[in-house]
Amino acid sequence: MSFASETKNELARMLPEKKCCMLADIAGFMRLAGSIRLVGGGKFEIVMMTSNLAVVRHYKTLIRNYFSVDIGIGMEQGNSLEKNSNYILSIGPEDRSEQILREVGILMVKEGMNFISDGIYEGIIKTKCCRKSYLRGAFLASGTVSNPEKGYHFELHTSTETQARDLRKVLNSFTDISPRIVARKKGFGVYLKAREQIRDVLAIMGASSQFFEFDNVLMMKDLMSKTHRENNLDNANIDKALRAAEQQIRSIERIQRQKGLAFLSPKLQETAQARLAHPELGIEELGKLMNPPLSKSGVNNRLRKIEEIAKKLPGASVK
């Protein structure tokens, strides 16, 4: 099962306790998953579609609890090669479809005439809890979210640009959430790409389990990235140390060829002999071989003096 489907299944198990949030949830779903059919005599039928059975059960229960209406459920068989089967939820005029459309802010009146609103009715999303419920309904209607192990993308699909702008406004009402709008083949998408924003939206909608799953993936990715950076840094430091050791050995060998190591002071001679005997050791380990043991800075000072002596000898410069 996809991450998006698991998210919808979790959200579909949530039933708002407050009446205002119930209405906002229904309105969000009905706006993005629904359409209106004229059935004669100026009457309306509300038709909503979804491919998720958990979503069907959710809205059958929610609409019955809020409107005392038992919605009809049918099925549209899909071609398995092209699309999934869809469940059809319908509310006819006998179940007060017109009054429901008015209450969810879809059917409005202006200058004594009915008209279908294209945006989100502000009265339904006045409070923060209702905005969360509206987003939950919108996601259950047309939302998708990618598996964080593969990428970061959250999107709500709308049929019109007005709906997209209104949804962006709802998302923008939450701290640090900055969605964008993109034109699609059929309609518009309101999307997020920032992983922290997607994670936060999951929490805003109430998908707690999916929030923690998403967060765990982010933490594991960050840990792996940190380990990778540290490994790269360690490898770079090792390479740097090896190059330095090679340079030091070339300097010591040059002194040995031209002057002999007895040319060096006893302390420098001790360090040179230790470096020749242990080319693989780091500075700290080399210092432990000195008598008495020497700090890293002390060993570095001695090796630097040896290199300076080698550079002053006749012949080509030490590289």
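Biologist: How do the axes of helix H1 and H5 cross, and at roughly what angle in degrees?

Modeller: A crossing is read from the angle between the two helix directions, each taken from the N to the C end. In this predicted model, the axes of H1 (residues 3–12) and H5 come within 10 Å and cross at roughly 135 degrees. An angle over 145 would count as roughly antiparallel and 65 to 115 as roughly perpendicular, and H1 and H5 are therefore oblique to each other. The crossing in which H1 passes H5 is left-handed.

Biologist: Which residues of H1 and H5 make the contact, and how do they divide into nonpolar, polar and charged?

Modeller: On the side of H1 the contact is made by Ala4, Thr7, Lys8, Leu11 and Ala12, and on the side of H5 by Arg136, Phe139 and Leu140. By class, five of the residues in the contact of H1 with H5 are nonpolar, one is polar and two are charged.

Biologist: What volume does the largest pocket have, and which residues are the closest to its centre?

Modeller: A pocket is an open space, so its description pairs a volume with the residues that line it. Here the largest pocket has a volume of about 580 Å³, and of the 29 residues lining it, Leu32, Ala33, Gly34, Ser142 and His157 are the closest to the centre.

Biologist: Which helices and strands supply at least two residues each of that lining, and which gives the most?

Modeller: The elements that each supply at least two residues are helices H2 (19–33) and H5 (128–142), together with strands S1 (34–38), S2 (44–50), S7 (143–145) and S8 (154–158). H2 gives the most to the lining of this largest pocket, with four residues. The lining as a whole divides into eleven nonpolar, 14 polar and four charged residues.

Biologist: What is the volume of the second largest pocket, and how does its lining divide by class?

Modeller: The second largest pocket has a volume of about 290 Å³, and of its 18 lining residues the closest to the centre are Ala241, Ala244, Ala245, Gln248 and Ile283. Helix H8 (208–258) and helix H11 (296–311) each supply at least two residues of this lining, which divides into nine nonpolar, three polar and six charged residues.

Biologist: Which residues does a cis peptide bond join, and which residue has a positive phi although it is not a glycine?

Modeller: Asn291 and Pro292 are joined by a cis peptide bond, with omega about 0 degrees, and Pro292 lies in the loop between helix H10 (283–288) and H11. Ser68 has a positive phi of about 55 degrees although it is not a glycine, and its place is in the loop between helix H3 (53–67) and strand S3 (72–76).

How values were computed: Residues are numbered from 1 along each chain as its sequence is written. This is a predicted model: local features need pLDDT of at least 70, side-chain atom pairs count only at pLDDT 80 or more; totals for chains, interfaces and linings use all residues. Side-chain values use heavy atoms; hydrogens and water are left out. On a 1 Å grid over the protein atoms alone, a cavity is a set of points where a 1.4 Å probe fits but cannot get out, and a pocket is an open set with protein on both sides within 12 Å along at least five of seven lines; lining residues have an atom within 4 Å of a point. Grid points are joined across faces, edges and corners, and a volume is the space filled by probe spheres set on the points. Ala, Val, Leu, Ile, Met, Phe, Trp, Tyr, Cys and Pro count as nonpolar, Asp, Glu, Lys and Arg as charged, and the others, Gly among them, as polar. Axes are lines fitted to C-alpha atoms, for helices over the stretch in contact, and angles run from 0 to 180 degrees between N-to-C directions. Angles under 35 degrees count as roughly parallel, over 145 as roughly antiparallel, 65 to 115 as roughly perpendicular and the rest as oblique. A crossing is left-handed if the near helix is turned anticlockwise from the far one by less than a right angle, and right-handed if clockwise. Contact means heavy atoms within 4.5 Å.
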